[in-house]
Amino acid sequence: MPHPLQPLRLVVLISGSGTLLQALLDACAAPEFGAQVVAVGSDRDGIPGLQRAQQVSVPTFVHPLESGADRDEWDRQLTTLVAGFTPGLVVLAGFMKLVGPSLLAAYGGRMINSHPALLPSFPGMHAPRDALAYGVKLSGATVFLVDEGVDTGVIVDQVAVEVHDDDSATELHERIKIAERELLVATVHRLATCRWQVTDRRLRWTGGEHERGS
(Lines give C-alpha, C1' and ligand atoms only; values in the text may rest on other atoms or scores of the structure.)
Protein backbone atom coordinates (compact mmCIF):
# COMPACT_ATOMS: atom_id res chain seq x y z
CA MET A 1 0.00 0.00 0.00
CA PRO A 2 1.28 3.52 -0.74
CA HIS A 3 2.23 5.53 2.30
CA PRO A 4 -0.59 7.98 3.11
CA LEU A 5 0.20 11.59 2.45
CA GLN A 6 0.04 14.23 5.13
CA PRO A 7 -3.42 15.82 5.12
CA LEU A 8 -3.80 18.64 2.63
CA ARG A 9 -3.94 21.90 4.60
CA LEU A 10 -7.08 23.94 3.86
CA VAL A 11 -7.75 27.60 4.56
CA VAL A 12 -11.46 28.25 4.06
CA LEU A 13 -12.78 31.77 3.39
CA ILE A 14 -16.43 32.50 4.22
CA SER A 15 -18.87 35.38 4.54
CA GLY A 16 -21.99 33.91 6.13
CA SER A 17 -23.63 30.92 7.78
CA GLY A 18 -20.87 28.47 6.90
CA THR A 19 -22.90 25.46 5.77
CA LEU A 20 -20.29 24.61 3.13
CA LEU A 21 -17.60 25.00 5.77
CA GLN A 22 -19.51 22.69 8.11
CA ALA A 23 -19.63 20.01 5.44
CA LEU A 24 -15.85 20.25 5.10
CA LEU A 25 -15.28 20.22 8.85
CA ASP A 26 -17.41 17.09 9.17
CA ALA A 27 -15.60 15.37 6.31
CA CYS A 28 -12.16 16.25 7.67
CA ALA A 29 -12.95 14.36 10.88
CA ALA A 30 -12.30 11.13 8.94
CA PRO A 31 -8.54 10.48 8.53
CA GLU A 32 -9.08 8.92 5.10
CA PHE A 33 -10.55 12.19 3.80
CA GLY A 34 -7.02 13.44 3.26
CA ALA A 35 -7.48 17.09 4.18
CA GLN A 36 -7.61 19.28 7.29
CA VAL A 37 -9.10 22.74 7.80
CA VAL A 38 -6.27 24.68 9.47
CA ALA A 39 -7.91 28.12 9.48
CA VAL A 40 -11.13 29.91 8.57
CA GLY A 41 -11.13 33.53 7.47
CA SER A 42 -13.96 35.96 6.83
CA ASP A 43 -14.60 39.48 5.61
CA ARG A 44 -17.33 39.82 8.26
CA ASP A 45 -17.19 39.46 12.03
CA GLY A 46 -19.80 37.80 14.22
CA ILE A 47 -21.13 35.38 11.62
CA PRO A 48 -22.27 31.80 12.32
CA GLY A 49 -19.55 30.35 10.11
CA LEU A 50 -16.81 31.64 12.39
CA GLN A 51 -18.60 30.13 15.36
CA ARG A 52 -18.66 26.75 13.60
CA ALA A 53 -14.89 26.85 13.29
CA GLN A 54 -14.33 28.04 16.84
CA GLN A 55 -16.51 25.24 18.22
CA VAL A 56 -14.00 22.70 16.88
CA SER A 57 -10.93 24.79 17.82
CA VAL A 58 -10.02 25.81 14.26
CA PRO A 59 -8.21 29.19 14.22
CA THR A 60 -10.15 32.06 12.66
CA PHE A 61 -9.40 35.55 11.39
CA VAL A 62 -11.52 38.46 10.21
CA HIS A 63 -10.37 40.82 7.46
CA PRO A 64 -13.10 43.29 6.44
CA LEU A 65 -12.98 45.44 3.35
CA GLU A 66 -13.95 48.84 4.66
CA SER A 67 -15.80 51.32 2.47
CA GLY A 68 -13.32 53.38 0.52
CA ALA A 69 -10.36 51.17 1.45
CA ASP A 70 -7.54 50.38 -0.98
CA ARG A 71 -8.68 47.08 -2.46
CA ASP A 72 -5.19 46.02 -3.57
CA GLU A 73 -3.83 46.62 -0.08
CA TRP A 74 -6.74 44.64 1.38
CA ASP A 75 -5.85 41.79 -0.98
CA ARG A 76 -2.17 41.92 -0.01
CA GLN A 77 -3.08 41.78 3.67
CA LEU A 78 -5.48 38.89 3.03
CA THR A 79 -2.69 37.03 1.24
CA THR A 80 -0.41 37.49 4.26
CA LEU A 81 -3.11 36.22 6.62
CA VAL A 82 -3.78 33.16 4.47
CA ALA A 83 -0.10 32.42 3.93
CA GLY A 84 0.46 32.40 7.69
CA PHE A 85 -1.31 29.02 7.79
CA THR A 86 0.70 27.53 4.85
CA PRO A 87 -2.29 26.04 3.03
CA GLY A 88 -2.02 23.61 0.17
CA LEU A 89 -5.49 24.62 -0.99
CA VAL A 90 -7.61 27.73 -0.41
CA VAL A 91 -11.36 27.13 -0.48
CA LEU A 92 -13.80 29.98 -1.06
CA ALA A 93 -16.97 28.68 0.58
CA GLY A 94 -19.55 31.41 0.26
CA PHE A 95 -16.89 34.14 0.33
CA MET A 96 -18.60 37.23 -1.09
CA LYS A 97 -15.55 39.24 -2.13
CA LEU A 98 -13.58 39.02 -5.35
CA VAL A 99 -9.99 38.12 -4.61
CA GLY A 100 -7.24 40.19 -6.18
CA PRO A 101 -3.90 39.76 -7.92
CA SER A 102 -1.89 39.17 -4.75
CA LEU A 103 -3.90 36.16 -3.59
CA LEU A 104 -4.12 34.83 -7.15
CA ALA A 105 -0.36 35.15 -7.58
CA ALA A 106 0.22 33.18 -4.39
CA TYR A 107 -2.49 30.54 -4.78
CA GLY A 108 -3.61 30.51 -8.40
CA GLY A 109 -4.24 26.90 -9.36
CA ARG A 110 -4.59 26.05 -5.66
CA MET A 111 -7.76 27.99 -4.91
CA ILE A 112 -11.28 26.73 -5.57
CA ASN A 113 -14.78 28.16 -5.35
CA SER A 114 -18.26 26.68 -5.71
CA HIS A 115 -21.19 28.20 -7.57
CA PRO A 116 -24.91 27.28 -7.55
CA ALA A 117 -25.27 26.81 -11.31
CA LEU A 118 -23.79 24.81 -14.15
CA LEU A 119 -21.09 27.20 -15.33
CA PRO A 120 -20.43 28.85 -17.69
CA SER A 121 -24.18 29.47 -17.59
CA PHE A 122 -25.54 31.92 -15.00
CA PRO A 123 -22.46 33.35 -13.28
CA GLY A 124 -22.82 36.01 -10.62
CA MET A 125 -24.79 36.58 -7.45
CA HIS A 126 -28.26 35.41 -8.49
CA ALA A 127 -27.67 32.15 -10.35
CA PRO A 128 -30.77 30.16 -9.22
CA ARG A 129 -33.04 33.14 -9.98
CA ASP A 130 -31.42 33.68 -13.36
CA ALA A 131 -31.64 29.99 -14.25
CA LEU A 132 -35.34 29.91 -13.43
CA ALA A 133 -35.97 33.07 -15.41
CA TYR A 134 -34.29 31.50 -18.44
CA GLY A 135 -36.47 28.41 -18.16
CA VAL A 136 -33.79 25.74 -17.81
CA LYS A 137 -34.84 22.20 -16.89
CA LEU A 138 -31.51 21.37 -15.22
CA SER A 139 -29.40 23.52 -12.96
CA GLY A 140 -26.78 22.41 -10.46
CA ALA A 141 -23.48 23.31 -8.86
CA THR A 142 -19.93 23.79 -10.08
CA VAL A 143 -16.56 23.69 -8.35
CA PHE A 144 -13.91 25.63 -10.25
CA LEU A 145 -10.38 26.97 -9.97
CA VAL A 146 -10.49 30.66 -9.13
CA ASP A 147 -9.06 33.10 -11.67
CA GLU A 148 -9.29 36.86 -12.13
CA GLY A 149 -12.81 36.73 -13.58
CA VAL A 150 -16.26 36.29 -12.05
CA ASP A 151 -16.98 32.54 -12.01
CA THR A 152 -14.79 32.05 -15.09
CA GLY A 153 -12.14 29.61 -13.85
CA VAL A 154 -11.37 26.09 -15.03
CA ILE A 155 -14.15 23.71 -14.05
CA VAL A 156 -13.08 20.96 -11.65
CA ASP A 157 -16.42 19.16 -11.33
CA GLN A 158 -20.16 19.68 -11.63
CA VAL A 159 -23.40 18.09 -10.47
CA ALA A 160 -26.86 18.49 -12.01
CA VAL A 161 -30.04 19.32 -10.09
CA GLU A 162 -33.47 18.99 -11.68
CA VAL A 163 -35.61 22.11 -11.89
CA HIS A 164 -39.25 21.57 -10.90
CA ASP A 165 -42.05 23.35 -12.73
CA ASP A 166 -43.30 24.99 -9.54
CA ASP A 167 -39.87 25.94 -8.14
CA SER A 168 -39.24 29.31 -6.63
CA ALA A 169 -35.69 30.63 -6.70
CA THR A 170 -35.41 29.89 -2.98
CA GLU A 171 -36.66 26.32 -3.33
CA LEU A 172 -34.30 25.61 -6.21
CA HIS A 173 -31.38 27.18 -4.37
CA GLU A 174 -32.01 25.05 -1.27
CA ARG A 175 -31.85 21.83 -3.32
CA ILE A 176 -28.74 23.07 -5.10
CA LYS A 177 -27.09 23.81 -1.75
CA ILE A 178 -27.46 20.15 -0.72
CA ALA A 179 -25.81 18.99 -3.94
CA GLU A 180 -23.20 21.75 -3.71
CA ARG A 181 -22.07 20.64 -0.25
CA GLU A 182 -21.69 17.04 -1.40
CA LEU A 183 -19.84 18.13 -4.54
CA LEU A 184 -17.43 20.37 -2.64
CA VAL A 185 -16.58 17.64 -0.14
CA ALA A 186 -16.04 15.06 -2.88
CA THR A 187 -13.93 17.46 -4.92
CA VAL A 188 -11.69 18.48 -2.03
CA HIS A 189 -11.15 14.81 -1.17
CA ARG A 190 -10.15 14.09 -4.76
CA LEU A 191 -7.83 17.10 -4.96
CA ALA A 192 -6.25 16.04 -1.67
CA THR A 193 -5.59 12.44 -2.66
CA CYS A 194 -5.19 12.29 -6.45
CA ARG A 195 -2.93 13.69 -9.15
CA TRP A 196 -4.33 16.15 -11.67
CA GLN A 197 -3.27 18.68 -14.27
CA VAL A 198 -4.85 21.47 -16.29
CA THR A 199 -4.38 21.67 -20.06
CA ASP A 200 -6.29 24.07 -22.32
CA ARG A 201 -8.92 24.80 -19.66
CA ARG A 202 -9.54 21.11 -19.03
CA LEU A 203 -8.70 19.57 -15.68
CA ARG A 204 -7.70 15.94 -16.04
CA TRP A 205 -7.20 13.43 -13.26
CA THR A 206 -3.92 11.63 -13.89
CA GLY A 207 -3.51 9.37 -10.85
CA GLY A 208 -5.33 7.47 -8.14
CA GLU A 209 -5.62 8.05 -4.42
CA HIS A 210 -2.44 8.84 -2.46
CA GLU A 211 -0.84 10.28 -5.63
CA ARG A 212 -1.52 13.93 -4.94
CA GLY A 213 -0.07 16.52 -7.23
CA SER A 214 -0.87 18.90 -10.05
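Strand 6 (residues 138-145) is mostly covered, with seven of its eight residues buried. Buried means under 20% relative accessible area, exposed means over 50%, and partly exposed lies in between (1.4 Å probe, protein chains only). Strands (E, at least two residues) and helices (H or I, at least four) are DSSP runs, numbered from the N terminus. The model is predicted: local features need pLDDT of at least 70, side-chain atom pairs count only at pLDDT 80 or more, and totals for chains, interfaces and linings use all residues. Residues are numbered from 1 along each chain as its sequence is written, and side-chain values use heavy atoms, with hydrogens and water left out.

**The sheet**

Strands of a sheet pair through backbone hydrogen bonds, either parallel or antiparallel. Here, seven strands form an open sheet in the order 3-2-1-4-5-6-7, and the pairing is mixed. Two strands count as paired if DSSP finds at least two bridges between them. Strand 3 (60-62) and strand 7 (155-162) stand at the edges. Each has a single partner strand, so one side of each is left without a neighbour in the sheet. On average, neighbouring strands of this sheet are turned by 20 degrees against each other, direction ignored. Axes are lines fitted to C-alpha atoms, for helices over the stretch in contact; angles run from 0 to 180 degrees between N-to-C directions.

| Strands | Sense | Bridges |
|---|---|---|
| Strand 1 and strand 4 | parallel | four bridges |
| Strand 4 and strand 5 | parallel | three bridges |
| Strand 5 and strand 6 | antiparallel | four bridges |
| Strand 6 and strand 7 | antiparallel | seven bridges |

Now look at single residues. Val 11 stands opposite Val 90 in strand 4, and Leu 13 stands opposite Leu 92 in strand 4. Val 91 has Ile 112 as its bridge partner in strand 5. Ile 112 in turn stands opposite Leu 145 in strand 6. Ser 139 stands opposite Val 161 in strand 7.

In a regular strand the side chains alternate between the two faces of the sheet. Strand 4 shows two directions: Leu 89 and Val 91 point one way, Val 90 and Leu 92 the other way. All of them are buried.

**Helices**

Helix 1 is mostly covered, too: seven of its 10 residues are buried. They are Leu 20, Leu 21, Ala 23, Leu 24, Leu 25, Ala 27 and Cys 28. What do the buried residues of helix 1 pack against? Their partners are strand 1, strand 2, helix 2, strand 4, strand 5 and helix 6. Contact means heavy atoms within 4.5 Å.

Helix 2 (residues 48-55) lies across strand 1, strand 2 (35-42) and strand 3. It runs at about 155 degrees to strand 3.

Arg 129 lies in helix 5 (residues 127-134). It counts as partly exposed because its relative accessibility is 46%. The C-alpha atoms of Arg 129 and Leu 172 are separated by 8.5 Å, although the two residues are 43 residues apart along the chain.

**The largest pocket**

The largest pocket has a volume of about 850 Å³. On a 1 Å grid over the protein atoms alone, a pocket is an open set of points with protein on both sides within 12 Å along at least five of seven lines, and lining residues have an atom within 4 Å of a point. The volume is the space filled by probe spheres set on the points.

The lining has 34 residues; Gly 94, Phe 95, Met 96, Ser 114 and Pro 116 lie nearest the centre of the pocket. Helix 1 (19-28), strand 5 (111-115) and helix 6 (169-193) are the elements that each give two or more residues to the lining. Helix 6 gives the largest share, five residues. The lining divides into 13 nonpolar, 12 polar and nine charged residues. Ala, Val, Leu, Ile, Met, Phe, Trp, Tyr, Cys and Pro count as nonpolar, Asp, Glu, Lys and Arg as charged, and the others, Gly among them, as polar.

Most residues other than glycine have a negative phi, and most peptide bonds are trans. The peptide bond from Leu 119 to Pro 120 is cis, with omega near 10 degrees. Pro 120 sits in the loop between strand 5 and helix 5.

Asp 151 is not a glycine, yet has a positive phi of about 60 degrees. Its place is in the loop between strand 6 and strand 7. Is Asp 151 buried or exposed? Asp 151 is buried, because its relative accessible area is 16%.

Arg 201 also has a positive phi, near 65 degrees. Arg 201 lies in the loop between strand 8 (196-199) and strand 9 (202-205).

Note on methods
1 Å grid on protein atoms, 1.4 Å probe; cavity = no way out; pocket = protein on both sides within 12 Å on 5 of 7 lines; lining within 4 Å.
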